[in-house]
Amino acid sequence: MKVKVRLMAVLGLFSICSAQLDGNDCTKASAQSCGECIQVGEKCGWCSTETFLKQGESKSARCDEVKALLSKGCDKVEEPHGSVTANKNKTVTNRQKNGKLTPEQITQIQPQKLTVNLRPGEPQKFSLTFKRAEDYPIDLYYLMDLSYSMKDDLENVKNLGTDLMREMQTITSDFRIGFGSFVEKTVMPYISTTPAKLLNPCTSDQNCTSPFSYKNVLSLTENGRQFNTLVSQQQISGNLDSPEGGFDAIMQVAVCGEQIGWRNVTRLLVFSTDAGFHFAGDGKLGGIVLPNDGKCHLTDNMYTMSHYYDYPSIAHLVQKLSDNNIQTIFAVTEEFQPVYKELKNLIPKSAVGTLSANSSNVIKLIIDAYKSLSSEVILENSKLPEGVSISYVSHCKNGVSETGDGGRKCSNISIGDEVHFDVAITTKNCPSQGKSETIKIKLLGFTEEVEVVLNFICECECHKTGIPNSPDCHFGNGTLECGACRCNEGRIGRVCECSRDEIGTGDLDANCRMDNGTDVCSNNGDCICGTCECKKRENPEERYEGKFCECDNFNCDRSNNKLCGGHGRCVCRKCVCEANYTGSACDCPLDKQPCMAANGQECNGRGVCVCGVCKCNDTKFQGPTCEICPTCPGVCAEHKNCVQCLAFKSGELKDTCESTCKNFRPILVKKKEDLPQPTSQPFLTHCKERDANDCWFFFTYATKNNSTEVYVVEELECPAGPDIIPIVAGLVAGIVLIGLALLLIWKLLMIIHDRREFAKFEKEKMNAKWDTGENPIYKSAVTTVVNPKYEGK
């Protein structure tokens, strides 16, 4: 018995796995309650109509796509949907400089708080609006490297406070500035720990202050002169290695908000150096292996744990800067530009500026970097609960829209510009506890944020009205909710009628065999508590039914590869045809219209109409209505001899006319114009045939209502005999004329030839000349001499 129970459990598991491979997501989930069903996907619904299930169907059949449930006749479908509610929705501020608003009174992002009800698989969408406020307050903290190489830079920074205050007045009327400095960890090998070097790390002719890791010189203040005074009192220090401990200083500036004096306004950190940086892991050189804890350790404005904690990692630094809304400006020399540009790519809302050798351009660098940072808006969300995802679509200036990572930001935003972001939040499943979660969406570099409370829809509304221990669930073994029984622990079955221990008993299996056969549930289902639950098909439209799963709606006869020919329903393996159709596959239409020939007769009078198709009586006839006969002569040629013998008593059949041509009697008319025309009889053939005497006779042939009508013109059209005399005379005259024409042509050609020959003779005669030249052999005895002085005078 135990073996059989295990076998049934394995078969049940296999059935569930098979269901998961087949059908749509809703049906393959095998949901046993409305809550389980709606968590499968947004298209899934649960039919809570109590009489919905057919015999043999399991509870999971109630879960299907909504359109499928409606098509199956469900009149009560549970399909809850998510929603978005704005709890706090202050409009963005249109502030002027003379408005004198506190930072808490300025709103740059709308709305500020939302409640989102999430159903698994269904995204919920809302929009965020951001507008840069005019005259927004700014806190700027200047963090400077005070190693010996920065000596000349310190001189130029001493007047930075008042000068920067004056320049920032063009941007905001509410500006505060602070100052801090750093060198390096106070352990070997970063600095020399000999007593003399601890007092003065520089050479003997230079007066330097003792090395330190980080010192908060001046917390944020509106007093620029105080900044100048305190910075003027600072002295350069020194260390041994080239990289500096700037990351320790940045971490303390980020996390020590109270000591630094950060407000909930725009926070800028200017990091000024002419060297590289140490990061996590470098502390091992000094025997420091404890990771940086990311907490504030300022005592009397000095970082006291540099010898205890390692440098922070870049990722740790990015997290703390982001959490505290600090935008970083790296003011570094040209030599280290490539290093800090790579660092900038890892730190959102940061900028890199080229610092001159003596920091003379630091004010312009800060102004340019601030304008660059403030013109870019980047959305960032806090850690999402498991299974929850979020996507953004940005709608920036000039109609520019981006999706994906580009959907998180907008660039080139000026003061007063308004941009929008479409946000979509989706959850794949419900959290294990089903409780609410809260996430934050904020703008990098800004203190304002949007609080989003996530509520998860994990149950249907009808779950609340469920009846615990309902008598409809087999003596109270389950809760009746949403039209079905949700069984108590250890109970199974459609109405929780048995326990899990009773699954494999032979007595129960006997109830699942039809006609005392051997097949349990016709091999199309599982026997659960003595009741067959039919298997599911890959196609959710196909299903097994019946008390023993003996019926189905997909094994009926097919026609044209369509179930029941597409003209009926398959009910328990038999087709139930629509009106005007019959046959085992509903492929036999009762309508005879397709069999009607052009002459209005059924199958052209040559066959019978069977299932909308003509069956011709004679095999020589073909076509949809038996109108085609490839081997038959034409109507005119077929009836020519009969018309000849009946109307004119001539032709090949004149001796056997009465016996051969008894199918019709011709009707004689006097002229061709008296023959029937197609307008009076649409199904008519006009014929013109020739007899043995080359005379033409005309007739028409028509079939109508199983009778034949033949009309014949009683007069023949015979050709007249030829006139011999004009033909002979014309022939003789033609021969004579042709002979004369040939003689004239010959004579003309001879005259032309003679004239050409005479002209040629005359031309040769004119060109003839006598040769008067001397004999080339003869030489004269006379010699002629010309006097060269003779000029012819």
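A disulfide is a pair of cysteine sulfur atoms within 2.5 Å. The legends below describe close-up views of a predicted model.

**View 1. The disulfide of Cys202 and Cys208.** In this predicted model, Cys202 is joined to Cys208 by a disulfide with an S to S distance of 1.8 Å. The torsion about the S-S bond of this pair is about -100 degrees, so the disulfide is left-handed. Cys202 and Cys208 are both buried. The count of disulfides in the model comes to 26, and the pair of Cys202 and Cys208 is one of them.

**View 2. The disulfide of Cys512 and Cys527.** The sulfur atoms of Cys512 and Cys527 lie 2.0 Å apart and form a disulfide. The link of Cys512 and Cys527 is right-handed, with 65 degrees about the S-S bond.

**View 3. The disulfide of Cys588 and Cys611.** Cys588 and Cys611 form a disulfide in which the sulfur atoms are 1.8 Å apart. The link of Cys588 and Cys611 is left-handed, with -90 degrees about the S-S bond. This pair links distant parts of the chain, 23 residues apart: Cys588 belongs to strand β36 (residues 588-589), and Cys611 to the loop between β37 (607-610) and β38 (613-616). Is each of the two cysteines buried or partly exposed? Cys588 has a relative accessible area of 11% and is therefore buried, whereas Cys611, at 31% relative accessibility, counts as partly exposed.

**View 4. The packing of helix α6 and helix α8.** Two packed helices are described by the angle between their axes and the distance between the axes. The axes of helix α6 (residues 160-168) and helix α8 (residues 224-232) come within 6 Å and cross at roughly 150 degrees. Helices α6 and α8 are therefore roughly antiparallel to each other. Leu160, Gly161, Thr162 and Met165 of α6 make the contact with Gly224, Arg225, Phe227 and Asn228 of α8. The residues of this contact comprise 3 nonpolar, 4 polar and 1 charged.

**View 5. The stacked rings of Phe182 and Phe271.** A pair of aromatic rings is described by the distance of the centres and the angle of the planes. The count of aromatic pairs in the model comes to 16. Phe182 and Phe271 form a stacked pair, at 5.2 Å centre to centre and with 10 degrees between the planes. Phe182 lies in strand β9 (residues 175-182) and Phe271 in strand β11 (residues 266-273), so that distant parts of the chain, 89 residues apart, are linked. Both Phe182 and Phe271 are buried.

**View 6. The stacked rings of Phe247 and Phe277.** Phe247 and Phe277 form an aromatic pair that is stacked, with 4.6 Å centre to centre and 15 degrees between the planes. Phe247 lies in helix α9 (residues 246-255), and Phe277 in the loop between β11 and β12 (298-299), so the pair ties together parts that are 30 residues apart in sequence. Phe247 is buried, with a relative accessible area of 1%, and Phe277, at 15% relative accessibility, also counts as buried. One aromatic cluster is formed by Phe182, Phe247, Phe271, Phe277, Phe279, Phe330 and Tyr340.

Conventions: Residues are numbered from 1 along each chain as its sequence is written. This is a predicted model: local features need pLDDT of at least 70, side-chain atom pairs count only at pLDDT 80 or more; totals for chains, interfaces and linings use all residues. Side-chain values use heavy atoms; hydrogens and water are left out. Buried means under 20% relative accessible area, exposed over 50%, partly exposed in between (1.4 Å probe, protein chains only). Helices (H or I, at least four residues) and strands (E, at least two) are DSSP runs, numbered from the N terminus. Axes are lines fitted to C-alpha atoms, for helices over the stretch in contact, and angles run from 0 to 180 degrees between N-to-C directions. Angles under 35 degrees count as roughly parallel, over 145 as roughly antiparallel, 65 to 115 as roughly perpendicular and the rest as oblique. Contact means heavy atoms within 4.5 Å. Ala, Val, Leu, Ile, Met, Phe, Trp, Tyr, Cys and Pro count as nonpolar, Asp, Glu, Lys and Arg as charged, and the others, Gly among them, as polar. Rings of Phe, Tyr and Trp (its six-membered ring) pair if their centres lie within 6.5 Å; planes under 30 degrees apart count as stacked, over 60 as edge-to-face and the rest as tilted.
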